[in-house]
Amino acid sequence: MSVVRQITLHDTLTGKVLPLTPREPGKVGMYVCGPTVYGRVHIGNARPFVVFSLLKRFLVHEGYEVTFVANVTDVNDKIYAASTAAGTDSDTLAREMTAHYFADTDALEIGRPDHEPLASETMPEMIALIQRLIDRGHAYAVDGDVYFAVRSYDGYGELSHRHLEDLDQGEGKEGADRKRDPLDFALWKVQKPGEDTAWDTPWGRGRPGWHIECSAMAEKLLGLDFEIHGGGSDLTFPHHENEAAQTCAAHGKPLTRLWVHNGMLRLDHEKMSKSIGNTLLLYAAVEAHGRDALLMYFCSGHYRQPVEFDEERLAQAAANVRRFRELARRLVPGASPTWSAALRDEFFNALAEDFNTPRALAVAFDWVREANSATDGPVGDADLREMLAVFALENLLDVSQASVPPEALGLLAKRQQARAARDWATADEARNQLRELGWEVRDGPDGPELLPLS
């Protein structure tokens, strides 16, 4: 399929919805910050994984060749602390939690990124990038640590729209006696007692700071000035601000063309966070609610907005899943009716305008209502299946043709036509013939449904 629909996304740097403009026609590189693997991922961690996985599905549908990169941070202060508390070494804990992360997100059945690099496997690229920053006067080494000199880069603060005097790198007192300026942040940290992993560098044995890894991984796998850098809005500062600064300072070119951030998942009106302790682990959420309802829940809110994780929204998502499954029993394989084309276009146009999944989902339910009221024979499922495939929910239609024979679907259509014509005798006859075939008709607000007789 050729690329014809103009796609726009909200860019955090400019604060505007901008067109997607690939470096190379038809190709999109997308980098998304993944988890720090010191514990099993929670449902909030899953939101960027879902948002950008589904965005890739949409871009592929539109004809783009997409390279999706999502990193795994497996070297970090939090991992050292968690491994000490668990009585194991940090490498063992990181490998165990990385395996859990892959398994837990696999349960969502939305595909995997094309590359999932580990920080521990990208040390040469990080060390080279740090050395380049030192050589260009944007970083300095002190007693085995290396710091980025924030005031050496004029554009610092542009991404997060903050003034220098309002900034705090969140590093606490660490390195305060070695930094030239409190605003500076660590690119490399000298090995400390109790840290059981370290790498040799020109400045001493140690390990990377948090921010340098993503710049190095993104550049290694996607080059510079790639199309989309994604992640949670909580990463805008300091993580993404620092990524943007160190890459541009090192190369004189921007890291990415669009900075795209998803809103936070909230529990009791607070950001879901391991540090706060208000989390629901992803694997437990899948077990409790099912992957279909969880994906429906994620699609029901615009990716840029915070969304509450509560029973009311989950119940609505489960009800929406049932609506598609109930309709599926009355669909047949093949081309959809002529009325479907406009709704199909409206659905994909909604996604093209800043990936508006709730508006697209509303159009899909308009399709459901039209199909339920159709009286000119069985409705083909092709267009609805194509729409739901972007949300990885096309499986909701797989309950249909295998369970309801074409003869029963034909009788259901005959009954609907008769009822529309107020031909009650023919309608009753069709209902009785359906019962003889083993099917009961249930009339509901979304139209008639065929249920097998027990």
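# Close-up views of a predicted chain

**Figure 1. Overview of the chain.** Of the contacts in the chain with a separation of 6 or more, 75% join residues 24 or more positions apart; contact means heavy atoms within 4.5 Å. The model is predicted: local features need pLDDT of at least 70, side-chain atom pairs count only at pLDDT 80 or more, and totals for chains, interfaces and linings use all residues. Numbering starts from 1 along each chain as its sequence is written, and side-chain values use heavy atoms, with hydrogens and water left out. The chain has 14 helices and 17 strands. These are DSSP runs, numbered from the N terminus: helices are H or I with at least four residues, strands E with at least two. The C-alpha trace spans about 90 × 50 × 35 Å along its principal axes. Of the 454 residues, 53% are buried. Buried means under 20% relative accessible area, exposed over 50%, and partly exposed in between, with a 1.4 Å probe and protein chains only.

**Figure 2. Helix 10 against helix 11.** Two packed helices are described by the angle between their axes and the distance between the axes. Here the axes of helix 10 (residues 340-352) and helix 11 (residues 357-373) come within 7 Å and cross at roughly 165 degrees. Axes are lines fitted to C-alpha atoms, for helices over the stretch in contact; angles run from 0 to 180 degrees between N-to-C directions. Helix 10 and helix 11 are therefore roughly antiparallel. Angles under 35 degrees count as roughly parallel, over 145 as roughly antiparallel, 65 to 115 as roughly perpendicular, and the rest as oblique. The crossing of helix 10 past helix 11 is left-handed. That term applies if the near helix is turned anticlockwise from the far one by less than a right angle; clockwise gives right-handed. Helix 10 contributes Ser-340, Leu-343, Glu-346, Phe-347, Asn-349, Ala-350 and Leu-351 to the contact. From helix 11 come Thr-357, Arg-359, Ala-360, Leu-361, Val-363, Ala-364, Asp-366, Trp-367 and Glu-370. By class, the contact of helix 10 with helix 11 has 9 nonpolar, 3 polar and 4 charged residues. Ala, Val, Leu, Ile, Met, Phe, Trp, Tyr, Cys and Pro count as nonpolar, Asp, Glu, Lys and Arg as charged, and the others, Gly among them, as polar.

**Figure 3. The loop at Asp-354.** Asp-354 sits in the loop between helix 10 and helix 11. Its phi is near 60 degrees, a positive value in a residue other than glycine. Most residues other than glycine have a negative phi. Asp-354 counts as buried because its relative accessibility is 5%.

Figure 4. Helix 1 (residues 43-61) has 19 residues, and at 1.5 Å a residue it should span 27 Å. The expected span is 1.5 Å times one less than the number of residues. The end C-alpha atoms of helix 1 are 27 Å apart, which agrees. Helix 1 is mostly covered, with 16 of its 19 residues buried. The axes of helix 1 and helix 12 (residues 382-390) come within 8 Å and cross at roughly 135 degrees. That makes the two helices oblique. Leu-54, Arg-57, Phe-58 and His-61 in helix 1 meet Glu-386, Ala-389 and Val-390 in helix 12. The contact of helix 1 with helix 12 divides into 4 nonpolar, 1 polar and 2 charged residues. Just after helix 1, Gly-63 has a positive phi of about 105 degrees.

**Figure 5. The surroundings of Val-75.** Val-75 lies in the loop between strand 4 (65-70) and helix 2 (77-86). At 7% relative accessibility, Val-75 is buried. Neighbours within four places in sequence aside, Val-75 contacts Tyr-80, Ala-119, Ser-120, Met-123, Thr-197, Trp-199, Arg-207, Pro-208 and Glu-213. Thr-197 is 122 residues from Val-75 along the chain, yet their C-alpha atoms are separated by 8.1 Å.

**Figure 6. Prolines at helix 6.** The peptide bond from Phe-237 to Pro-238 is cis, with omega near 5 degrees. Pro-238 belongs to helix 6. Pro-254 is in the loop between helix 6 (236-251) and strand 10 (256-262). Pro-254 counts as partly exposed, at 42% relative accessibility. Beyond its neighbours within four places in sequence, Pro-254 contacts Leu-224, Asp-225 and Cys-248.

**Figure 7. The loop at His-161.** His-161 is found between strand 6 (145-148) and strand 7 (185-190), in the loop. His-161 is not a glycine, but its phi is positive, about 55 degrees. With a relative accessible area of 52%, His-161 is exposed.
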